[in-house]
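This report looks at a few local features of one protein model. The sequence and structure come first, and the notes follow.

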Amino acid sequence: HPGPVICLSPQDWNVRLPTNRQQVMLRAARRGHRVMFVETGYFLGRHLWALLRGRGGRSLARRLLSAEEVAPGLMLRKANNLLPWGSTYALPKAVNSAVTARRLRRVAAGLPQPVVLWIYDPGAAGLAGHCGEAIAVYDCVDDYTEQTTSRRKRELVARCDRLAAERSRLVFTTSAAMYERQRRLNPETHLVPNAGDYGHFAAAVDRALAAPEVSGLSRPVLGFAGNFLASKVDFDLLEHVGRALPDATLLLIGPATDETAPALERLVQLRNVQWLGPKPYSDLPRYVAAFDVGLIPYVSSAYTRSCFPLKLYEYLAAGLPVLSTPIPECAEVPEVGIASTAAGFS
C-alpha cells in the first residue's frame, strides 16, 4: 500500500500562488498516500492573536488543536511552536522541534508503516528521526540560506540545511547549484527540476480565454505572473522595459510585499504599465492568455542562481515565448530567450 507522508512545510497550505509543496502533496494524496501537511511557520502566539481578532476562524482552530481535511486524504495541522524567535535562535527552535516531534510521534503511531517524513523546512531538520517515521526525505526547493536577512539567521539556517541533508535517506533538489552542494553532504541526492501544471495552463493557448479586463490591451503584452519579492524581481529592469517600449503593455499579475509595493506603485505611473495585484490561481490562465511574451525578470544574485522558476513551464504550457535574465536553469532550456542587460532585455 502507499505509505503515509508527514510533510513539514514552512509555507502554509493556503497561499495565493501554490508552489511545488502543494502540487507534490496533492498528487501524493491522489495516488493513495495519506498526507499530513504540517505548517511549521509562525509562533503559536501569532496564531492565538489571529483567533482573538477573528481571523482564521474554525479552520485555524482545527489546525491548532487537531487537523483539518482540505482534500481527500490530505490533512492540515500546525506545528507546536510554543516559543517565539525559533527562526533566529537555536534554543527556541530546539524546544519547538521537540514538542512538535512528540505530537507527530503520536500521529505516526496510528498510521500504517512505512511512514515517510517529507521535509521542505530545513528549520525542522531536528524532527528527523524523532517522529516515528521509517525514512526522512529532504526536498530542497529553495536556497533558504540565501533568503536570510541577518548573520545570525544565516548561520542557523545553514546548520539546519546541512542537518536536513545528513539525516535524510534521500535528498531532492530543483537546481544544479543546490544539487552539487547537497551531494557533498549526502550521496543519495537527486536533481529533480521543477515542472509546471501543464493541464492548468495549457488552456491559455486559446487567447480568447483572456479575462475581459485584459483582452483589449495595446499589443504586444509583456507579462509577468508571480510573487513580487525583492529577493527575486528586478524592478529597475521592468521600469527600463516600460520606458523603452512605450507602445507595448507591461502587464503584471501577483501579490506584493510591504517591501515591494512602493516599487510597483512607481511602475504603474508609466501609462503602459498595469499591475492588477493577485488573482486566484484558478483564474490565472485567463490572465496569462493575454500575454504575448512571458517574462522572468529576476535579479542576479546567489539566491536566484539556485532558483528554478515554476513560471517557466507555466508560460511554455500556455504557448508563450519566454524571455529571462540569465538564471542558470532557464538558460539550459533552448526555447528560452536570455538577456543579461536591460537594453538587451528590451
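## Cis peptide bonds

P220 lies in the loop between α7 (198-201) and β9 (221-225); helices (H or I, at least four residues) and strands (E, at least two) are DSSP runs, numbered from the N terminus. The bond between R219 and P220 is cis, with omega about 5°. Another cis peptide bond links Q113 to P114, where omega is also about 5°. P114 sits in the loop between α4 (90-109) and β5. Most peptide bonds are trans.

## Basis of the model

The model is predicted: local features need pLDDT of at least 70, side-chain atom pairs count only at pLDDT 80 or more, and totals for chains, interfaces and linings use all residues. Residues are numbered from 1 along each chain as its sequence is written, and side-chain values use heavy atoms, leaving out hydrogens and water.

Strand β5 covers residues 116-119. V116 and W118 point one way from this strand, L117 and I119 the other way, and all are buried (under 20% relative accessible area, with a 1.4 Å probe and protein chains only). In a regular strand the side chains alternate between the two faces of the sheet.

Strand β1 (residues 5-9) runs parallel to β5 and is joined to it by 4 bridges; two strands pair if DSSP finds at least two bridges between them. I6 is opposite L117. Strand β6 (residues 135-140) is also parallel to β5, with 4 bridges, and V137 in β6 is the bridge partner of W118.

## Positive phi

Y42, in the loop between β2 (35-39) and α2 (44-52), has a positive phi near 75°. W85, in the loop between β4 (74-78) and α4, has a positive phi of about 65°. W85 is exposed (over 50%), at 61% relative accessibility.
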